[in-house]
Amino acid sequence: MINQIKQLKSKALEQINQIKNKADLDKVWRQYLGRQNGKLTKLLRGLKDLSVKEKPKVGSLANQVKQEINQAIDIKRQELFSSGSKVKSETLDFTLPGKKVELGHLHPLTQGKQMAADIFLSMGFEILEGPEFETDYYNFEALNIPKGHPSRDMWDTFYIKSKKGELLRTHTSPMQIRVMEKKKPPLKVCVIGKCFRHEATDASHEHTFYHIEGFVVDEEISVANLIYTLKTFLNALFKTEVKIRVRPSYFPFTEPSFEVDFACLNCGGKGCPVCSQTGWVEILGAGMIHPEVFKQAGYIKEKYTGFAFGIGLDRLIMMKHKIDDIRLLHSSDLRFIRQF
Ligand code: DAH
């Protein structure tokens, strides 16, 4: 019997040695160690018929061989698993690149809002938002635009049927009054928020857009302060020296009023489609705060002066990224948004 066991062992080990796949490995295990018909299992079953003297000898040899076969199978299994080419389907390739985690990013308008806020904050401005749902009083009357005034046409909006006559604000200028009602100068405020207009949309007009309103109120504030502030802001935003031009204009809430243009960044002022061949791009309205506005806010007559300006953020962002249609900004088209 001892010989039988030894023969069985060398046969098994030889067989295991030549195995090339896992299925054969399982087969060999069953062939020798399987519970029902394993050759060694059967031999072990025969132990009970041996004499008391032989039993322990043969028994311990059989157990030792069983262990050796098991060990050889384990070693072979590891060998097969670690050589990827042999049993590819069962291996894990740690060198494969992982699944990419898709990270989103902020919308170009949100990025623009944050950039503008950072710049004004660095110049000592307080950043506010104000209500988008506004009253006729703050949006128009307090800004020296009485009922029936023709300039209301420029700021036509969406009106809500209610006693107070609420509407969607057409600019962030109402915050001038809201802030001045609560605080006394010196004031340095920047309001960045959504505005709405009853607009027939086209490549440069949207019914929903962002305005940056800035105003500074103190004693002896001048137009020079206004121009310096605007230039500093534009230079920081565009990260280059921006040339600006100031033209006389009209707004009911400023006197004098200006329109500010900057030399087209696309063509450097030579003339191109972006600037309608003029070399200049209009970006904002500004002026010295009208005495009537101070009066509405309850400020003492002629004690304070101040400047104010209103910038269309969407147009600035269009200039910065060379976007030729404002409607893209609200289109939710990921092919567009992913570029920024
Ligand atoms: N609110 C104006 C608009 O919507 C922009 C503007 C012009 C704001 C002049 C101002 C200003 O504060 O002084 O077109």
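Which element gives the largest share of the lining of the largest pocket? In this predicted model, that share comes from strand 8, which supplies 6 residues. The largest pocket has a volume of about 700 Å³, and of the 33 residues that line it, Arg-197, His-211, Glu-282, Gly-310 and Arg-315 are the closest to its centre. Two or more lining residues are given by each of strand 5, strand 7 (254-263), strand 8, strand 9 and helix 10 (313-321), and the lining divides by class into 14 nonpolar, 11 polar and 8 charged residues.

The ligand takes up the space of this largest pocket. Strand 5 (208-218), strand 8 (280-289) and strand 9 (305-312) are the elements that give two or more residues to the shell around the ligand. That shell comprises 16 residues, of which His-171, Ser-173, Arg-197, His-211 and Glu-213 come nearest, and by class it has 6 nonpolar, 8 polar and 2 charged residues.

Of the 360 Å² that the ligand exposes when taken alone, 93% is buried by the protein.

The second largest pocket holds about 560 Å³ of space and is lined by 20 residues, with Val-274, Cys-275, Val-281, Met-318 and Met-319 nearest its centre. Strand 8 and helix 10 each supply at least two residues of this lining, which consists of 12 nonpolar, 3 polar and 5 charged residues.

Note on methods
Residues are numbered from 1 along each chain as its sequence is written. This is a predicted model: local features need pLDDT of at least 70, side-chain atom pairs count only at pLDDT 80 or more; totals for chains, interfaces and linings use all residues. Side-chain values use heavy atoms; hydrogens and water are left out. A residue is near a molecule or strand if one of its heavy atoms lies within 4 Å of it. Accessible areas come from the Shrake-Rupley method with a 1.4 Å probe; for residues, only the protein chains shown count as cover. On a 1 Å grid over the protein atoms alone, a cavity is a set of points where a 1.4 Å probe fits but cannot get out, and a pocket is an open set with protein on both sides within 12 Å along at least five of seven lines; lining residues have an atom within 4 Å of a point. A molecule sits in a cavity or pocket if more than half of its atoms lie within 2 Å of its grid points. Helices (H or I, at least four residues) and strands (E, at least two) are DSSP runs, numbered from the N terminus. Ala, Val, Leu, Ile, Met, Phe, Trp, Tyr, Cys and Pro count as nonpolar, Asp, Glu, Lys and Arg as charged, and the others, Gly among them, as polar. Grid points are joined across faces, edges and corners, and a volume is the space filled by probe spheres set on the points.
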